[in-house]
Amino acid sequence: MKVLVAVKRVVDYNVKVRVAADNSGVDLNNVKMAMNPFCEIAVEEAVRLKEKGVATEIVAVAVGPKQAQEQIRTALALGADRGILVEAEDVQPLGVAKLLKAIVDEEKPDLVILGKQAIDGDNNQTGQMLAALAGMGQGTFASEVNVAEGSVKVTREIDGGLQTVELKLPAVVTTDLRLNEPRYASLPNIMKAKKKPLDTKAPGDFGVDVSPLVKTVKVEPPAERQAGVKVADVAELVDKLKNEAKVI
Amino acid sequence: MSVLVYAEHDNASLKGVTLNTVAAAQQIGGDITVLVAGSGCSAVAEEAAKIDGVAKVLLADNAAYEHQLAENVADLVAEVGKGYKYILAAATTTGKNFLPRVAALLDVQMISEISAVVDANTFLRPIYAGNAIATVQSDQETNVITVRGTSFDPVAAEGGSASVENLDLAKDAGVSSFVGEELAKSDRPDLTAADVVISGGRGMQNGDNFEMLYKVADKLGAAVGASRAAVDAGFVPNDMQVGQTGKIVAPQLYVAVGISGAIQHLAGMKDSKVIVAINKDEEAPIFQVADYGLVADLFEAVPELESKL
């Protein structure tokens, strides 16, 4: 079984982002970039499927700038077999989904695993859109994935608890936090990854128009919340909540 | 101009967040139609018809929609939604699941989780875990949008008298089926709808210690949440998670217990009206957003708080 896994290059999880002075976006100069944490979980799940003998080949795909090669190399170091980078900047989720659909048509994977959202745009759209365009079932926000013959059972994190669905293969899965704990790449595997094949493509190669459909007019910092007061003890806290804030 | 609002429900009753979504629809302007898709859910449609400001209710009652399977619901909404300028759903795990699918079927770029309506084409939405607010504009023929419920005051549940129209549209994509679900049973209010939320973090040390928070919650009529650290450590289930990748809450009172205040957690609660932090580390970033901070050992402070309520 072939697994396609999508990875995105984003600002590192630990970086506190700042809005650019001209309000055009966030300041990405000299900021550490990394693989989106949900994509790390997607890669890990694919690698585990391979270790279990369920998956035979893992293809890692990224849509992003030239430097997104680094994130594909990371996926290769973790266990993916080869990579495809579609070089394009600031592609919106529908555009990414169309590119992935074109790659799905060529590669014919049985399972596509993506992160449920990227921590930059917080859109949470691409996996669902890909599934729609490819006519596949989707198991979003997955906390457990069990592949069987011709189908996959996905347990999903929903607002009220957990829901399990069964999907015909091929299908799309998007990962939630509890699906697994991603491993770190070992040095020998990082070295080996440098020799694994990585194809570079352009959106035009797939005949996909990736011009943005929603325009970002400006980006601003959120309203600052002022720090309040420290109370001395529980009695003062209860008094403030009752008589000053009047919330209890 | 017309707006289609997708109703959130459990086949028996309408979920409150639908009222917040209708509020966003009203700010956009135009005739509002509510679509109720489910199975054996006519009571929900009757409830939706009473919502203040709703002009029409469409009811798609069919077994294919019973469990809100994204594949089936998206096919339905994409077909029904063709005649509308806007298609709105709440940014819940239901809305987030099926609505991007609708957008892709209609070949439009969806706008996720808006927090304000500037005008009919312009919206605000948080990005980077709420560390930046983007103003976005769309000139698309159809605008497909999820709405952050806590950012819009709900409209009145009563006062309307819309007509209910039955849709005879069974869409079964045939690629997915429902196997089962485990819903958390709780007598406490829903996290996203509660007036008071009390959350525990890594400082709680284990799941059993959350019992202290449940006791306080029962006195305050509060819901209990948790930080991602507490969920990752296995103290409590993920459906209690408040934050960027969990639930977004904005209660009247939010009490953070043993939570350091990582930006991903703040993203989920910083719009709360009053924030209280109880933490023994006075340098914890949570104190920078708290209206009232108590530097104390939570294992002493929380039982004392309970006794004083």
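Biologist: Why do you say that E107(A) forms a salt bridge with K2(A)?

Modeller: A salt bridge is a side-chain nitrogen of Lys or Arg within 4 Å of a carboxyl oxygen of Asp or Glu. In E107(A) and K2(A) the closest N and O atoms are 2.7 Å apart, so the pair meets the rule. This is a predicted model, in which local features need pLDDT of at least 70 and side-chain atom pairs need 80 or more, while totals for chains, interfaces and linings use all residues. Residues are numbered from 1 along each chain as its sequence is written, chains are lettered from A and ligands numbered from 1 in the order written, and side-chain values use heavy atoms, without hydrogens and water.

Biologist: Which parts of the chain does the pair E107(A) and K2(A) link?

Modeller: E107(A) is in helix α3 (residues 93-107) and K2(A) in strand β1 (residues 2-6), 105 residues apart. Helices (H or I, at least four residues) and strands (E, at least two) are DSSP runs numbered from the N terminus. Both residues also belong to a network of salt bridges with E57(A) and R82(A).

Biologist: What makes D176(A) and K116(A) a tie between parts of chain A?

Modeller: Their side chains meet in a salt bridge at 3.4 Å, N to O. D176(A) lies in the loop between β10 (171-175) and α5, and K116(A) in the loop between β6 (111-115) and α4 (126-134), so the pair joins parts 60 residues apart in sequence.

Biologist: Why is R228(B) called partly exposed?

Modeller: Buried means under 20% relative accessible area, exposed over 50%, and partly exposed in between (1.4 Å probe, protein chains only). R228(B) has 24%, so the label is partly exposed. D232(B) is given the label partly exposed because its value is 44%. The side chains of R228(B) and D232(B) meet in a salt bridge of 3.0 Å, N to O. Both lie in helix α6 (residues 228-232) of chain B, four residues apart, about one turn of the helix.

Biologist: Why is C39(A) called buried?

Modeller: Its relative accessible area is 5%, so C39(A) counts as buried. C41(B) is at 0% and therefore counts as buried.

Biologist: Why is helix α3 of chain B called mostly covered?

Modeller: Nine of the 11 residues in this helix (residues 70-80) are buried, among them E71(B), N72(B) and V77(B).

Biologist: What makes L187(A), I190(A) and M191(A) a patch?

Modeller: Patches are made of residues with over 30% relative accessible area and no salt bridge; like charges are joined within 9 Å, and nonpolar side chains (Val, Leu, Ile, Met, Phe, Trp, Tyr) within 5 Å. I190(A), at 35%, is partly exposed and lies in helix α5 (residues 187-193) of chain A. The three form a nonpolar patch with about 290 Å² of accessible area together, by the Shrake-Rupley method with a 1.4 Å probe, where for residues only the protein chains shown count as cover.

Biologist: How many residues does the contact take from chain B and from chain A?

Modeller: It takes 81 from chain B and 80 from chain A, where contact means heavy atoms within 4.5 Å. Across this interface the rule finds two salt bridges. K98(A) forms a salt bridge with D107(B), with the closest N and O atoms 2.8 Å apart.
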